[in-house]
Amino acid sequence: MRYVMATALAVAMAALPAHAKVLRYSTNADLLGLDPAINNEGPTNAMKTNLYEGLLYRNFDLSLEPALATEWSQASPTVWRFKLRQGVKFHDGTPFTGADVAFSLTRYQSEQADMRGYMATVKEVKVVDANTIDLVTNGPDPILPQQLPLFFIMSKVWAEKNNTTQVVRGTSAPTFINFNANGTGPYKLVERVADNRTVVEPNPLWWGKLDNGITRAEFRPIANAATRVAALLSGEIDLMYPVPSQDKQRINSTKGTKVLEGPELRTIFFGFDQHRAESLDMKGSGKNPFKDKRVREAVYKAIDIQSIARVVMRGESRPTGSMVAPGIAGFSAEVDKRPAFNPDEAKKLLTEAGYPNGFQVTLDCPNDRYTNDEAICQAVVPMLARVGVQVKLNAQTRSLHFDKIGLKENRNTSFYMLGWTPGTFDAHNMLVNIVTMDGPGAGQNNSGVYRNAKVEELTLKAGTEMDPKKRLEMLAEAQMIHKNEYGHIPLHQQTLAWGVRDEVIHDSVKPRPSNDVDLRQIKMK
Amino acid sequence: MFAYIVRRALQSVLVMAAVAFVAFALFQYMGDPINQMVAQDATLEQRNALRALLGLDRPFYVQFLLFLKNLVTGNFGFSFRVGTPVAQIIAERLPATLELVFVAALFALFVGVPAGVYTGLHRHGALSRFMLTVSLIGVSLPTFLIGILLILIFAVMLGWLPSFGRGTTVQLGFWSTGFLTTSGLKALILPSITLGLFQTTLIMRLVRAEMLEVLRADYIKFARARGLTNRAVNFGHALKNTLVPVITIAGLQIGGLIAFAIITETVFQWPGMGFLFITSIQFVDVPIMSTYLVLVALFFVIINLVVDLLYFAVDPRLRVDRSVSAH
């Protein structure tokens with residue numbers, strides 16, 4: 001008996017590679033699901049990027065590199081042409097073809113796919129020959145390649161075999177594809193148990209080469225921040241994020257663990273109601289102070305952003321004058337310069353605008369969405385009181401906050417906080433969503449209805465301008481106009497923090513600005 | 001007895017319907033589930049299409065009646081978040097919670113009752129004083145803090161026990177159990193102590209108070225005068241007479257354990273129903289929340305029924321009354 005067990009043990013050990021390196025990583029919430037066409041959320045998209053591939057891949061520095069397409073070019077203003085990589089196979093061994101791209105597009109464009117925004121401008125996929133396809137767009141689309149890393153290609157044959165060709169929002173039928181995956185990506189799915197663990201292993205059929213040392217990766221969400229820190233300190237997990245500010249010291253001072261910090265791409269800002277004739281908080285007055293540029297400027301200059309960065313954010317923010325973070329295409333250093341904090345000038349501006357005694361306004365804030373969101377708003381209340389603006393703070397949970405300032409309650413706000421990361425890594429996405437109203441799909445999150453004819457025109461033009469240099473100039477000009485009109489008050493980009501066990505995580509690993517884990521960009525010692 | 005059970009069962013249906021109604025009424029103020037389900041830049045049309053698909057555009061009472069109708073036919077709907085049938089998710093999570101509650105309840109009873117008896121008998125002993133002091137901590141510290149402290153000591157400093165999760169589980173039919181593996185058993189220790197500590201101290205203090213009361217009674221003095229052994233007096237007569245209030249409280253507390261498991265499960269990332277409920281709240285996952293609340297109401301009703309039946313077993317007078325009234 002003992003002999004049998006010893007043999008079994010020996011066989012089991014031999015089956016493992018000499019240096020089995022299991023990466024166990026964690027964050028505060030589980031993935032939403034694995035269906036490539038729905039579940040449009042950062043960490044979920046990062047896991048999909050491990051399992052599936054797009055035509056292109058986004059590097060750590062946000063640049064694009066070949067993935068399922070080896071070359072891409074513009075055949076005409078409305079046609080992007082791609083050379084497909086040859087000999088690629090899906091996890092189950094089925095070969096990858098242009099038909100899979102066409103099939104994936106129909107899935108992305110179906111009624112219930114919330115990833116369809118990424119492929120909204122594409123009319124069709126034309127299979128030119130065995131190794132060439134064309135993406136035909138409705139009009140010129142200069143930023144289409146930027147969207148392709150999140151256009152995940154799945155196997156048509158596999159989807160048909162498993163009866164999952166339709167995109168179903170998990171509300172009328174069990175969704176096979178949310179718990180199974182068959183992509184061409186560098187990792188294949190081993191196990192997924194909702195709210196518990198998602199396990200992947202390297203895909204031996206992958207066309208590329210993985211040299212990060214990971215032989216198995218286990219994603220294990222831990223909702224409670226203190227438990228997550230404890231699990232890192234006790235060595236039960238190797239990498240986790242976000243690290244709560246108060247625990248950084250502890251992690252850094254414990255042998256074997258450390259905190260990695262980096263800038264995040266999301267910009268936090270305040271917005272003003274600039275469309276109602278009468279402010280929501282000044283019933284009967286017939287006045288809306290925020291329609292006056294001088295008032296917006298006064299509020300901007302009354303906010304002491306350096307104090308917020310130092311006290312509220314404990315140094316973990318990058319104050320900004322720009323609505324997009326550095327690294328986003330269209331970011332401009334000129335726009336990023338913030339007008340100086342100046343409460344005296346603010347007071348003068350309010351007097352000039354006819355509010356020497358200030359006015360009343362409600363500030364709508366989330367309290368569980370961004371780092372220290374409610375605390376930032378609380379800090380702003382006395383700053384504005386100093387120049388005479390009496391702010392009533394309304395901080396509430398994210399679902400209620402977004403309902404209130406969003407279209408559901410018809411932008412029911414005068415003054416609000418919001419954060420934005422351009423999903424395309426391009427400032428045009430921010431301009432469309434936050435500061436314009438007229439273009440296709442524009443103004444969804446322009447909760448204060450900021451509107452400027454020149455900005456609208458530039459945004460529309462930049463949407464179809466195929467010359468990259470001219471395009472960037474247009475984006476910068478639009479942002480400059482918006483800045484000079486004090487359309488919104490950009491506050492800062494948050495600093496993100498990962499906790500790692502430095503005995504197993506390689507020193508070259510840095511936190512991704514999008515705050516999620518792409519296994520290709522992690523390396524183990 | 002049978003008529004009694006039937007009557008209680010009918011009452012419990014009403015209770016659960018009321019719970020479902022209140023829950024549904026509250027969900028109307030929780031914000032829009034759609035916000036969590038679509039991307040930040042989804043259009044209003046996309047949002048409305050999804051809302052119509054989920055039936056969320058219908059008025060509150062229509063949604064509620066549909067929920068009741070489906071409940072009767074055993075159809076609990078689909079989770080907005082996970083995308084699988086609610087019944088399946090709850091069936092997956094239920095074993096984790098019930099095993100945790102079971103161990104916590106055992107811990108509470110097998111530590112609480114003896115400790116109560118001991119502190120009742122040896123009122124001024126040093127050990128009694130120590131136990132009473134410790135129990136004060138159990139009563140006054142909030143559950144999450146106890147959990148974090150235990151994690152800090154036993155997982156981070158000593159490294160003996162895991163800080164989160166359920167360890168390896170074994171699937172027995174539909175039931176996934178952590179009782180059969182070492183890692184599963186180890187993972188149970190910290191959460192069940194965290195969950196059961198309050199109940200332990202409560203039971204201990206209750207048994208102690210009752211013991212002190214009973215030990216003063218005449219029949220105990222007579223029993224001692226008759227020369228019965230200490231053991232027979234303390235356990236056969238005194239303890240038995242303290243049990244009616246203890247059973248009532250312990251029974252209700254088991255219901256409380258299931259409800260309080262929410263906090264313990266969140267601290268230890270325990271994949272049970274309580275944790276599921278918390279995640280569902282953040283996501284406004286109405287089908288899960290309503291089913292969970294109805295289920296918890298069901299547990300309370302069943303436990304109360306069992307407690308009532310236990311009275312008959314423990315207190316012979318109740319049985320006599322019944323038989324007398326039957327004449």
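## Chain B: surface and charge

Chain B has an accessible surface of about 16,100 Å². Carbon and sulfur atoms account for 71% of that area. The model is predicted.

Chain B carries 23 positive and 14 negative charges. Their mean positions lie 13 Å apart.

## Chain B: fold

Along the principal axes, its C-alpha atoms fill a box of roughly 85 × 65 × 35 Å.

Of the 327 residues in chain B, 46% are buried. Take the contacts between residues at least 6 apart in sequence: in chain B, 71% of them join residues at least 24 apart.

## Chain A: fold

Chain A holds 17 helices and 17 strands. Its radius of gyration is 25 Å, close to the 24 Å that the globule rule gives for 525 residues, so chain A is as compact as a globular protein of that length. The C-alpha trace of chain A spans about 90 × 60 × 45 Å along its principal axes.

Buried residues form 57% of the 525 in chain A. Among chain A contacts between residues at least 6 apart in sequence, 68% link residues at least 24 apart.

## Chain A: surface and charge

The chain has 63 positive and 58 negative charges. Their mean positions are 2 Å apart.

## An enclosed helix in chain A

Helix α14 of chain A covers residues 398-405. Because 6 of its 8 residues are buried, α14 is largely enclosed by the rest of the structure. The buried residues are S399(A), H401(A), F402(A), D403(A), K404(A) and I405(A).

Definitions and conventions
Residues numbered from 1 in each chain as written. Chains lettered and ligands numbered in written order. Predicted model: local features only at pLDDT ≥ 70, side-chain atom pairs only at ≥ 80, totals over all residues. Heavy atoms only, no water. Buried < 20%, exposed > 50% of the residue type's maximum accessible area, 1.4 Å probe, protein only. Helix = DSSP H or I, 4+ residues; strand = E, 2+ residues; numbered from the N terminus. Rg over C-alpha atoms; globule rule 2.2 N^0.38 Å. Contact = heavy atoms within 4.5 Å. Lys, Arg positive; Asp, Glu negative; His and termini not counted. Charge placed at Lys NZ, Arg CZ, Asp CG, Glu CD. Areas by Shrake-Rupley, 256 points an atom, 1.4 Å probe, with all protein chains shown as cover.
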